[in-house]
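Please read them with the structure open.

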Amino acid sequence: MPLTSHRRLTVSATLIAALAAGLAPATHAFAATPREAVPTAATVPAPDMEGVTAALEAAVANGAPGAMARLSGPDGVRTRTVGVRDRVTGAPMDVRSRFRIGSVSKTFSTVVLLQLVQEGRLTLDSPVNTYLPGLLPDDRITVRHLLTHRSGLADYTDRMFADTVPGFESVRNRVFSFQELVDLSLALPRTTEPGVSYKYSNANFVVVGMLIEKLTSRPVADAYQRRVFEPLGLRDTSYVHPETRIEGRHVRGYLHPDAAGDPLVDSTEQTVSWAQSAGAVISSPADLNTFTGALMRGRLLSPAMMEEMTTVTPTDATNTRFYGLGLRRYDLSCGVRVYGHTGTVQGFYTYAFSTRDGRRSLSAMANASNRGAVNTALGGTLEAAFCGPKPAAVPSSRAASPSGARDVSSLPAERDLPERH
Ligand code: REY
């Protein structure tokens, strides 16, 4: 991809900042990939830890009981916590705690499925119905369409959680089969012709779970354990569906009701059966850093599969947000690209991202949900972690800035938009 003048400007600004900071010899400034020049960890600005704290404080100011972030990189590990992990005991947020990571689970599921592709057990461009005969009403829907949210399978969770607290309580202790979740989706009109457009849907990753179980003849829990959790030594990461509890030290999650002023609902215990392979993994900040870092370093997948996974298309018109295979790419204001996923499960918002070389990672969480402003504020940790301190505000600089608005939190978080995209 040729560099646009915009990209050239932002990249050289990054390079100048890195050189000024004495971080990288010019000859090693960028690692060439077959497609484009990507800033390496050496050229990523040092993190702005005050900015990370400010983002976490903003999440709390907007209604999260607590929030935390953990950064890992060549300079070591830095953590920040704000507020409480338990509103009843007042226990402070603790970066060693476990929590529900929601759709970051989709990246775990994708790794498992792409390992199966590597092993020749399925191919990305084959119809899903090849492996699960008769499951879907359209033979044109491929495995790749699932992983890119281009299948057109409707997201049954939109209706399930239209009324937030009653919707949650109606499924908190439910145990669904994968088939039941697919049936909920198929009862709704499909959103697009196969492959035509991106439309985020949990149904896609329910079918991914079904494929994993069909091809391995084992529960998805075994595949996560054997293929990802164990090899990476992720001791705080688990898939315990349909158990409702989070074992060990953990954060309690708080769901905001739709009606302003109604009390928060403690949503910690639930089966997450409505999501399963689309969102039921439990993890910790350190394990998420390890996971996204190891993934991007190529520890889990072959170079060919990494190329598939990181080949992205836009998810909106900002030209800063993209989706590959079960993986998001966010292009930050300083030109740094980060790969990972976001997660929303009742009571928990999560961000887990790394640079393309896997050398710098950020995980951030807030123990609230159904409060878009919390999620947007939490997203501010990305800019602070990967773009460093903001330059002092100059009144006209925003309009003149080649990179446009600098603060990712000025963009609506995906889950804040009326239409998910
Ligand atoms: C579903 C509703 C969130 C969450 C969802 N999460 O699909 C997947 C993801 C796994 O992408 C709930 N919102 C909330 C509502 C809105 O109930 N009425 O904010 O906790 O992570």
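Predicted model: local features only at pLDDT ≥ 70, side-chain atom pairs only at ≥ 80, totals over all residues.

The numbered points below go through the ligand site, the aromatic rings, the loops and a few contacts across the chain.

1. The ligand shell. The ligand is surrounded by 15 residues. The closest are Ser-103, Phe-161, Thr-164, Thr-344 and Ser-369. What is the make-up of the shell by class? It has 9 polar, 5 nonpolar and 1 charged residues.

2. Polar contacts to the ligand. Ser-103 places an N or O atom of its side chain 2.5 Å from an oxygen atom of the ligand. Ser-103 is also listed among the closest residues of the shell. For Tyr-200, a polar side-chain atom lies 2.7 Å from a ligand oxygen. For Asn-202, the corresponding distance from a polar side-chain atom to a ligand oxygen is 2.8 Å. How much of the ligand does the protein bury? Taken alone, the ligand exposes 530 Å², and the protein buries 89% of that.

3. Aromatic pairs. The whole structure holds 8 aromatic pairs. One of them joins Tyr-224 and Phe-229. Why is this pair called stacked? The ring centres are 5.8 Å apart and the planes meet at 15 degrees, so the pair counts as stacked; the cut-off for stacking is under 30 degrees. Both partners are shielded. Tyr-224 is buried at a relative accessible area of 0%, and Phe-229 is buried at 1%.

4. Charges over rings. Arg-321 has its charged end over the ring of Tyr-330, 4.5 Å from the ring centre. Arg-329 has its charged end over the ring of Phe-322, again 4.5 Å from the centre.

5. Asp-48 sits in the loop between strand 2 (37-39) and helix 2 (49-61). Is Asp-48 buried or exposed? Its relative accessible area is 16%, so Asp-48 is buried; the cut-off is under 20%. A polar atom of the Asp-48 side chain lies 3.3 Å from the backbone nitrogen of Glu-50.

6. Leu-56, within helix 2. Leu-56 is in helix 2. Leu-56 counts as buried, with 0% relative accessibility. Its C-alpha atom is 8.2 Å from that of Arg-80, a residue 24 positions away in sequence.

7. A cis peptide bond. Where is the cis bond? The bond from His-241 to Pro-242 is cis, with omega near 5 degrees. Pro-242 is in the loop between helix 10 (220-232) and strand 6 (254-255).

8. Positive phi at His-149. His-149 is not a glycine, yet its phi is positive, at about 55 degrees. This residue is in the loop between helix 5 (143-147) and helix 6 (156-160). His-149 is buried, with a relative accessible area of 0%.

9. Positive phi at Val-272. Val-272 also has a positive phi of about 55 degrees, and Val-272 is not a glycine either. Its loop runs between strand 7 (265-266) and strand 8 (282-283). Val-272 counts as buried at 1% relative accessibility.

10. Ser-126 and Val-143. Ser-126 is in the loop between helix 3 (104-118) and helix 4 (128-131). Its relative accessibility is 15%, so Ser-126 counts as buried. Ser-126 and Val-143 are 17 residues apart along the chain. Their C-alpha atoms are separated by 6.3 Å.

11. Tyr-349 and Ala-364. Tyr-349 is part of strand 13 (residues 348-355). Tyr-349 is buried, with a relative accessible area of 3%. Ala-364 is 15 residues away in sequence, and the C-alpha to C-alpha distance is 8.2 Å.

Terms used: Residues numbered from 1 in each chain as written. Heavy atoms only, no water. Near = heavy atom within 4 Å. Polar contact = N/O pair within 3.5 Å; in protein donor to acceptor, adjacent residues only side chain to side chain. Areas by Shrake-Rupley, 256 points an atom, 1.4 Å probe, with all protein chains shown as cover. Nonpolar A, V, L, I, M, F, W, Y, C, P; charged D, E, K, R; others polar. Phe/Tyr/Trp six-rings, centres within 6.5 Å; stacked < 30°, edge-to-face > 60°. Buried < 20%, exposed > 50% of the residue type's maximum accessible area, 1.4 Å probe, protein only. Lys NZ or Arg CZ within 6 Å of the ring centre and 35° of its normal. Helix = DSSP H or I, 4+ residues; strand = E, 2+ residues; numbered from the N terminus.
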